[in-house]
Amino acid sequence: MSDTTKGIWLIILSMFLLNASDAFIKVSAGQITFGHFMVSMGLIGIVVTGGYTLLAGRPIFRSDFLQPALLARVAFDVVGACLLFIALAKVDLSLVAVVTQASPILIAVFAAILLRETVGWQRWASILAGFIGVLFIVDPLNADFDPNVFYAIGALIGLTGRDFATRFVSQSVNAVEMSYVGFLGVLPVGLVICLIDGTPFAPDALHWVYLLAAIFIGIGGLIAIAAAMRFGDLSATAPFRYSRVIFAVIVGYFAFGEWPTQTMWIGIALVIGSGVFLLSRKRALRQTGTA
């Protein structure tokens, strides 16, 4: 199996796991605040990923854990995780999933601005089409517009920043270690939020099951997506991120009775079409050596 094929399967696996984790977060959000969730996920994540790192014979405190790219990844991850939890608690699962899948469009903007990549009119047109798609999905002119959707947009920015920063983390830090450092960043932030919020942590037995399922499945998804970023041609593997939209629509319908509106379907088509074009265009330009 080629590295690119491995990357594709890891992307699909991560999208399935992260979507399942999101669903458990959504059903547990009534009893568990995002501060509680972050503390729980931070503690369990540190034990799981730190334990794995120790068993692999690698130290869990190293100087390369302090490299700027990894610290930036942690910061974006924490912000994205906070906003994602709030979005999942307040708006439809399928809407959150679709908005956050605009990541390739935002990455193209980041690359043009921060990396000074040359972006021709075709890619700028595709980026614009993608953002129009997000507007269709959010539908701000609708009388039933829910401003809580901005939490999903904030999560999109945070999670895109995390994936963008991952590209610059040195190869000396593997996928599990990146997740481990991320959990080290999540824990103290969660503790501060819990202290400020003051809500007692007292979920019933069923919500304990939801919480643990969300955490362990989410850890698997985070490790898989971090590993996928290291395998094969990123422009070939990244389009498979959109499998998350399929999973989200299916789970949203059967678990929560959600179904995208006609306007959302137009937006979904624009976002996915724009993202796939940007990724395939970048690959073609790299192969021809043109801008």
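This is a predicted model: local features need pLDDT of at least 70, side-chain atom pairs count only at pLDDT 80 or more; totals for chains, interfaces and linings use all residues.

Me: Which residues of helix 2 and helix 3 meet?
Reply: From helix 2 come Phe34, Phe37 and Met38, and from helix 3 come Val78, Cys82, Phe85 and Ile86. By class, this contact of helix 2 with helix 3 has 7 nonpolar residues, no polar and no charged ones.

Me: Why is helix 1 called roughly parallel to helix 11?
Reply: The axes of helix 1 (residues 3-28) and helix 11 (residues 243-256) cross at roughly 30 degrees and come within 9 Å. Angles under 35 degrees count as roughly parallel, so helix 1 is given that label relative to helix 11. Helix 1 passes helix 11 in a right-handed crossing. Residues making the contact include Ile12, Met15 and Phe16 of helix 1, and Arg244, Phe247 and Val251 of helix 11. The contact of helix 1 with helix 11 divides into 10 nonpolar, 2 polar and 3 charged residues.

Me: How do you know whether Ser14 is buried or exposed?
Reply: Ser14 lies in helix 1. Its relative accessible area is 0%, and buried means under 20%. Ser14 is therefore buried. Leaving aside neighbours within four places in sequence, Ser14 is in contact with Gly221, Ala224 and Ile225.

Me: Why is Lys6 called partly exposed?
Reply: Lys6 is also a residue of helix 1. Its relative accessibility is 34%. Buried would need a value under 20%, and exposed a value over 50%. The value of 34% falls in between, so Lys6 counts as partly exposed. The C-alpha atom of Lys6 is separated by 30 Å from that of Val134, 128 residues apart along the chain.

Me: Which residues touch the most other members of the largest nonpolar core?
Reply: They are Phe37 and Ile137, in a core of 72 residues. Phe37 is also one of the residues of helix 2 that meet helix 3. Not counting residues up to four places away in sequence, Ile137 touches Leu95, Val98, Val99, Met264, Gly267, Ile268 and Val271.

Methods: Residues are numbered from 1 along each chain as its sequence is written. Side-chain values use heavy atoms; hydrogens and water are left out. A nonpolar core is a set of buried Ala, Val, Leu, Ile, Met, Phe, Trp, Tyr and Cys residues joined through side-chain atoms within 4.5 Å. Buried means under 20% relative accessible area, exposed over 50%, partly exposed in between (1.4 Å probe, protein chains only). Contact means heavy atoms within 4.5 Å. Axes are lines fitted to C-alpha atoms, for helices over the stretch in contact, and angles run from 0 to 180 degrees between N-to-C directions. Helices (H or I, at least four residues) and strands (E, at least two) are DSSP runs, numbered from the N terminus. Angles under 35 degrees count as roughly parallel, over 145 as roughly antiparallel, 65 to 115 as roughly perpendicular and the rest as oblique. A crossing is left-handed if the near helix is turned anticlockwise from the far one by less than a right angle, and right-handed if clockwise. Ala, Val, Leu, Ile, Met, Phe, Trp, Tyr, Cys and Pro count as nonpolar, Asp, Glu, Lys and Arg as charged, and the others, Gly among them, as polar.
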